[in-house]
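Thank you all for coming; I would like to take a few minutes to walk through a structure with you, going slowly enough that everyone can follow on the screen. Please have a look at the model as I put it up.

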Amino acid sequence: MFSNLDLVKLTVPLFLSSLLAIVTNLVDSAMVSSAGEAAVSGVSLVTSLDILLLIFFTSMNSLLGIQFLIPLGKEKAYTLATTGGAIVSVAGNLLLIPIFGVYGSAIACIVAEMTVFLISYWNL
C-alpha cells in the first residue's frame, strides 16, 4: 500500500512538528523561570490548554471533513472549510503575533481550527 519512502515522507514532518512544539514549551518555561514558580506554572497551564483545544478541534475537523463531508459528496464544503480556516489563520497570525508573540500564533491557530469546525458543521 505505502512504500517505506512514503511513510518516511509522512512521519518526518510530524516528528519535526512535535519536536518544535516540545522545544518551544521548554524555551517558554526557561524564559520565565527567573520570574518564579507561579510564572512557570502559568506558562505550563496556558501551553496545556492550547494543546488540548488544538487536539480537540483538529480531531473534530478530521472527523467531520473526512468521515462525513467527503463521503456525502460535499467536497466543496470541505474545501470551503479548510480555505476559510487557512484565511483565518493567516489573518490571525498577522494581527496577533506582533501583539502577543507566540501566544498570538497559538490563539490564531485555535480560532482557525474552530472556524474549520463551524463551517464543516454547518455544511453537514
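This is a predicted model: local features need pLDDT of at least 70, side-chain atom pairs count only at pLDDT 80 or more; totals for chains, interfaces and linings use all residues.

Helix α2 covers residues 37–69, and its axis comes within 9 Å of the axis of α4, with the two crossing at roughly 25°. Because an angle under 35 degrees counts as roughly parallel, we can describe α2 and α4 as roughly parallel to each other.

Now let us bring in helix α3, which spans residues 75–100. Helices α2 and α3 pack at an angle of about 165°, and their axes lie 10 Å apart. That angle makes α2 roughly antiparallel to α3, and here again α2 passes its partner in a left-handed crossing.

What is the handedness of the crossing between α3 and α4? That one is right-handed. The axis of α3 and the axis of α4, a helix made of residues 102–122, come within 7 Å and cross at roughly 160°. An angle over 145 degrees counts as roughly antiparallel, and α3 and α4 are therefore roughly antiparallel to each other.

Is Gly65 buried or exposed? Its relative accessible area is 0%, so Gly65 is buried. Along the sequence Gly65 and Glu75 are 10 residues apart, while in space their C-alpha atoms are 8.6 Å from each other.

On helix α4 we can pick out Phe117, which has a relative accessibility of 17% and so counts as buried, given that the cut-off for buried is under 20%. Phe117 and Ala81 are separated by 36 residues along the chain, and yet the distance between their C-alpha atoms is 7.5 Å.

Finally, I would ask you to turn to helix α1, residues 4–32, where we find Met31. Met31 has a relative accessibility of 60%, and because exposed means over 50%, Met31 counts as exposed. Met31 also belongs to a nonpolar patch on the surface, together with Val8, Val12, Phe15, Leu16, Leu19, Val23 and Val27. Taken together, the residues of this patch have about 720 Å² of accessible area.

Definitions and conventions:
Residues are numbered from 1 along each chain as its sequence is written. Side-chain values use heavy atoms; hydrogens and water are left out. Patches are made of residues with over 30% relative accessible area and no salt bridge: like charges are joined within 9 Å, nonpolar side chains (Val, Leu, Ile, Met, Phe, Trp, Tyr) within 5 Å. Accessible areas come from the Shrake-Rupley method with a 1.4 Å probe; for residues, only the protein chains shown count as cover. A salt bridge is a side-chain nitrogen of Lys or Arg within 4 Å of a carboxyl oxygen of Asp or Glu. Helices (H or I, at least four residues) and strands (E, at least two) are DSSP runs, numbered from the N terminus. Buried means under 20% relative accessible area, exposed over 50%, partly exposed in between (1.4 Å probe, protein chains only). Axes are lines fitted to C-alpha atoms, for helices over the stretch in contact, and angles run from 0 to 180 degrees between N-to-C directions. Angles under 35 degrees count as roughly parallel, over 145 as roughly antiparallel, 65 to 115 as roughly perpendicular and the rest as oblique. A crossing is left-handed if the near helix is turned anticlockwise from the far one by less than a right angle, and right-handed if clockwise.
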